[in-house]
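Have the viewer open and follow along.

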Amino acid sequence: QVQLVESGGGLVQAGGSLRLSCAASGRDLSDTTMGWFRRAPGEEREFVASITWNSATAYYGGSMEGRFTISRDNAKNTVYLQINSLKPEDTAVYYCVAKEIPGTGDYSYWGQGTQVTVSS
């Protein structure tokens with residue numbers, strides 16, 4: 001059974017930075033795309049970023065590029081999300097995701113989420 005466990009969330013002041021981590025277990029995910037989504041209170045789930053298995057390509061949601069950086073360490077079966085210059089509107093639960101089948105569009109694996117709260 002695949003498990004994705006996020007960590008690194010918390011309360012931070014606007015302008016600060018956070019690095020979220022997601023450790024996978026139960027399967028080696030080094031051959032598939034991993035990524036992050038987020039859901040703010042009262043909002044729809046939003047795509048944040050994804051990264052291909054070999055870190056060759058990263059994709060970012062429309063409002064994310066520039067402050068968000070996704071990376072991964074396949075040796076540790078872990079994906080990261082660095083968020084800089086945090087804004088109150090970044091407040092959300094951040095979910096780690098991974099594709100079960102490389103090359104498909106579906107993210108079958110989801111973590112439980114980590115809360116990020118940005119105070120103004």
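## A buried charged pair

R38 and D90 are both buried, where buried means under 20% relative accessible area, exposed means over 50%, and partly exposed covers what is in between (1.4 Å probe, protein chains only). For R38 the relative accessibility is 7%. The two side chains form a salt bridge, with the closest N and O atoms 3.0 Å apart. By salt bridge I mean a side-chain nitrogen of Lys or Arg within 4 Å of a carboxyl oxygen of Asp or Glu.

This pair ties together distant parts of the chain: R38 sits in strand β4 (residues 34-39), while D90 is in the loop between β8 (78-83) and β9 (92-98), 52 residues apart. Strands (E, at least two residues) and helices (H or I, at least four) are DSSP runs, numbered from the N terminus.

## What to keep in mind

This is a predicted model, so local features need pLDDT of at least 70 and side-chain atom pairs count only at pLDDT 80 or more, while totals for chains, interfaces and linings use all residues. Residues are numbered from 1 along each chain as its sequence is written, and side-chain values use heavy atoms, with hydrogens and water left out.

E46 is partly exposed, at 30% relative accessible area.

How many salt bridges turn up in a search of the whole structure? The count is 4. One of them joins the side chains of D31 and R27, at 3.1 Å from N to O. Here D31 is partly exposed at 37% relative accessibility, and R27 is partly exposed as well, at 22%.

## Two positive phi angles

Most residues other than glycine have a negative phi. With that in mind, take a look at N77: this residue is not a glycine, yet its phi is positive, at about 55°. N77 lies in the loop between β7 (68-73) and β8, and with a relative accessible area of 12% N77 is buried.

S85 is also worth a click, being a residue other than glycine with a positive phi near 50°. Look for S85 in the loop between β8 and β9. At 41% relative accessibility, S85 counts as partly exposed.
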